[in-house]
Amino acid sequence: MEDPAPRFPLIGLLTLAGAIFVSVTGEFLPTGLLPDMARDLEVSVGQTGLLVTVFAATVVVAAAPLAFLTRTVSRKGLVFGVLLVNALATVLAAAAPNYEVLVGARVLGGLAHGLFWAVVGSYAAHLVPKAQLARAIAITGAGGSAAFVLGVPVGTLLGHGAGWRPAFLMIAAAMVVLAVLVLAYLPAVDHSVPVTTGEIPLPARRDPTLPGVLAVCLVIVVLIVGQNIFYTYIAPYLTGTAGFDPGAVGPILFLYGGAGAVGLLIAGIVGSRYPTGAMLVSIGVAIVCVLVLAAAPRAPGVVVVAVVAWGASFGVVPPLLQTRNMSLASIRIRDQASAWMTTAFNIGIGGGALVGAALLPLGGVEVLPWVGAAVMGVALVLVALIAGKSRRKGSAGSVIV
């Protein structure tokens, strides 16, 4: 008699989604509160935007080494521990008396966040067979979408109403709650790599799936740099260039996040059948939306529609890239591939924020969407070139298709 198919671990995946929700909210919460934080700390908006760069740079430096150093540690235990460390870092940020202490708190949070993603990025692949991977990643990815739908907008509204510090304390408390839920509901996994008798473990640099994984990471870096050159400074764009009241920033970010959740649903529907088409169309539409925001900032209705369309189109991209990364990576380098993907995303996030901060004194917020769209265009070309090369080679393990 054949063994029954393993039960789909829905509760565990939802718990992971919740952990991702609080972590992503904590990472991006400053983007909706840059003017408030800058005013309270008596620094420029550009300096405050660099908090995103500091956080992301810490993840870039720490994710892969920490993943390697903790490779023998329980995955479940790590998720629990890093959530608590991130909560502590968020409390320290809320209590920071000056900009320098806040930077230190963000560095600590970046360390925890880097290890968190190195573990969580591959956790679903350990929980389910490959045939269920896309479904599992869609569920856990909903946590990131929910962060943009609820976490960042609600935190922004609270920050405008009660101050940015209570908003940070709120997300710290949520991190503690999710850490407890991880202990209760997240199944433990065996992440060891089986080795047959007499077999010598293959180093990651010689794994045949490595080139495909690195190609995905390259696309991620370029695309996310372009995205975050502008998105990091969306709040000053809305309140300054576009002329919205500060109280409107939270609702607009809510619309952006809600549209991103729609994009996640679209990725689940069409991504498995038309991965190349879905990737190219979604990036192309996102570029058009950013260009519309650059060209028509004084038309409030146009701005809102463009922001919503931007969120929906870009929401398709990350789950497609994560699914492809985990599908390409062999079990031997799955955790490393997750860490590299995390590094790539945060190079993009931090790099985009850094480029934006450098451009602000030169051309103001108005120049950011133009530059961001141009960099995203480079990513679009990369996707097309990689897909075309894969087709010409007739590769069954192509990067995007």
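**View 1. A salt bridge joins the side chains of Asp36 and Arg39, with 3.5 Å from N to O.** A salt bridge here is a side-chain nitrogen of Lys or Arg within 4 Å of a carboxyl oxygen of Asp or Glu. Both residues belong to helix α1, three residues apart, which is about one turn of the helix; helices are DSSP runs of H or I with at least four residues, numbered from the N terminus. Asp36 counts as buried at 13% relative accessibility, whereas Arg39 is exposed, with a relative accessible area of 58% (buried means under 20% relative accessible area, exposed over 50%, and partly exposed in between, with a 1.4 Å probe and protein chains only). The model is predicted, so local features need pLDDT of at least 70 and side-chain atom pairs count only at pLDDT 80 or more, while totals for chains, interfaces and linings use all residues. Residues are numbered from 1 along each chain as its sequence is written, and side-chain values use heavy atoms, with hydrogens and water left out.

**View 2. Asp40 and Arg165 form a salt bridge, their closest N and O atoms being 3.0 Å apart.** Because Asp40 lies in helix α1 and Arg165 in helix α6, the pair ties together parts that are 125 residues apart in sequence. Asp40 is partly exposed, with a relative accessible area of 41%, and Arg165 also counts as partly exposed, at 24% relative accessibility. The structure holds two salt bridges.

**View 3. Helix α1 bends by about 80 degrees at Leu33, and a proline, Pro35, follows within four residues.** The bend is the angle between axes fitted to the seven residues ending at a residue and the seven starting there. Of the 32 residues of α1, 25 are buried, and the helix is thus mostly covered. After the helix comes Glu42, whose phi is positive, near 60 degrees.

**View 4. Leu10, Ile11, Leu14, Val177, Leu181 and Tyr185 make a nonpolar surface patch of about 540 Å².** Such a patch is made of residues with over 30% relative accessible area and no salt bridge, with nonpolar side chains (Val, Leu, Ile, Met, Phe, Trp, Tyr) joined within 5 Å; accessible areas come from the Shrake-Rupley method with a 1.4 Å probe, and for residues only the protein chains shown count as cover. Helices α1 and α6 (164-185) each supply at least two residues of the nonpolar patch. Leu181, in helix α6, is partly exposed, with a relative accessible area of 32%.

Conventions
Patch = residues over 30% accessible without salt bridge, like charges linked within 9 Å, V, L, I, M, F, W, Y side chains within 5 Å.
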